[in-house]
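Here is a short report on one protein chain. Look over the sequence and the structure first, then read on.

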Amino acid sequence: MPSVMGLLEERERAARQRVEALQAELQEAEAAWERFVVARQTVAEVLAEPPAGEKAVLAEVAGRLPARVAKAVPGSVVPAWREGLAPDSLAPDYQRLVEILADQGGEAMDCRQLAADLGLEVVAAKVEGVRSKVKRLAARGWLVEERPGMFRTVPGRVGGS
């Protein structure tokens, strides 16, 4: 029959091995967490506005660039609207939304109507996809959110009245 001391030593050894394994796993998790923190901070810095000195340089460079952009491809970033920028600088999905609203002659439409006009099934997932797109267009100056959920073209822009 094993001694009590032998049993205690065996359990102590098993507990120590488990602690060591958990400490190694914790170190791996902390390293991964630190990488994500650094990545998030780096992205935040990149997306932050440039310092005042760089703003002047960027504005000067932007002033020399033509306002017309080559045709966008699906998945490209929605540019902020500026004078001379045509709807064909938008990705095809966004162009179609702007066209549908431009055809309304300044009348506001909700996202369910837009989804239906796009030929999409009018279900929550599709409507929310349309909503995120028109919200992005409104945030970048292509459209106006007249009242919550109702979007139209901006008068004097993109065929708007």
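## Elements and overall layout

Helices here are DSSP runs of H or I with at least four residues, strands are runs of E with at least two, and both are numbered from the N terminus. The model is predicted. The protein chain has five helices and three strands. Read from the N terminus, the order is α-α-α-β-α-α-β-β.

The chain has 161 residues, and 24% of them count as buried. Its accessible surface is about 11,400 Å². Carbon and sulfur atoms supply 57% of that surface. Among contacts with a separation of 6 or more, 39% link residues 24 or more positions apart.

Helix 1 covers residues 4-47 and includes leucine 8. Leucine 8 has a relative accessible area of 51%. It counts as exposed because the cut-off is over 50%.

Leu8 also belongs to a nonpolar surface patch with Val4 and Met5. Together the three have about 330 Å² of accessible area.

Glutamate 83 sits in the loop between helix 2 (52-64) and helix 3. Its relative accessibility is 67%, so glutamate 83 counts as exposed.

Where does the chain bring glutamate 83 and arginine 157 in space? Their C-alpha atoms are 8.7 Å apart, although 74 residues separate them in sequence.

## Helix 3 and its neighbors

Which residues of helix 3 are buried? They are Tyr94, Gln95, Leu97, Val98, Ile100, Leu101 and Ala102. These buried residues pack against strand 1 (109-110), helix 4 (111-117), helix 5, strand 2 (143-147) and strand 3 (150-153).

Helix 3 (residues 92-102) and helix 5 (residues 124-139) have axes that come within 10 Å. The axes cross at roughly 80°. Helix 3 is therefore roughly perpendicular to helix 5. On the helix 3 side, the meeting residues are Asp93, Tyr94, Leu97 and Val98. Helix 5 contributes Val130, Lys133, Val134, Arg136 and Leu137.

## Salt bridges within helices

Side chains of opposite charge can pair when their charged atoms come close. The whole structure holds six salt bridges. One of them joins glutamate 99 and arginine 96, with the closest N and O atoms 3.6 Å apart. The two residues are three apart in helix 3, so about one helical turn separates them. Glutamate 99 is partly exposed at 39% relative accessibility. Arginine 96 is partly exposed at 36%.

Arginine 131 and glutamate 128 form a salt bridge at 3.1 Å, N to O. They are three residues apart in helix 5, so about one helical turn lies between them. Arginine 131 has a relative accessible area of 25% and is partly exposed. Glutamate 128, at 43%, is also partly exposed.

## A salt-bridge network

Glutamate 146 and arginine 147 meet through their side chains in a salt bridge, at 3.3 Å from N to O.

Glutamate 146 is partly exposed, with 39% relative accessibility. Arginine 147 is partly exposed too, at 46%.

Definitions and conventions: Residues numbered from 1 in each chain as written. Predicted model: local features only at pLDDT ≥ 70, side-chain atom pairs only at ≥ 80, totals over all residues. Heavy atoms only, no water. Buried < 20%, exposed > 50% of the residue type's maximum accessible area, 1.4 Å probe, protein only. Contact = heavy atoms within 4.5 Å. Areas by Shrake-Rupley, 256 points an atom, 1.4 Å probe, with all protein chains shown as cover. Patch = residues over 30% accessible without salt bridge, like charges linked within 9 Å, V, L, I, M, F, W, Y side chains within 5 Å. Salt bridge = Lys/Arg side-chain N within 4 Å of Asp/Glu carboxyl O. Axes fitted to C-alpha atoms, helices over the stretch in contact; angles between N-to-C directions. Parallel < 35°, antiparallel > 145°, perpendicular 65-115°, else oblique.
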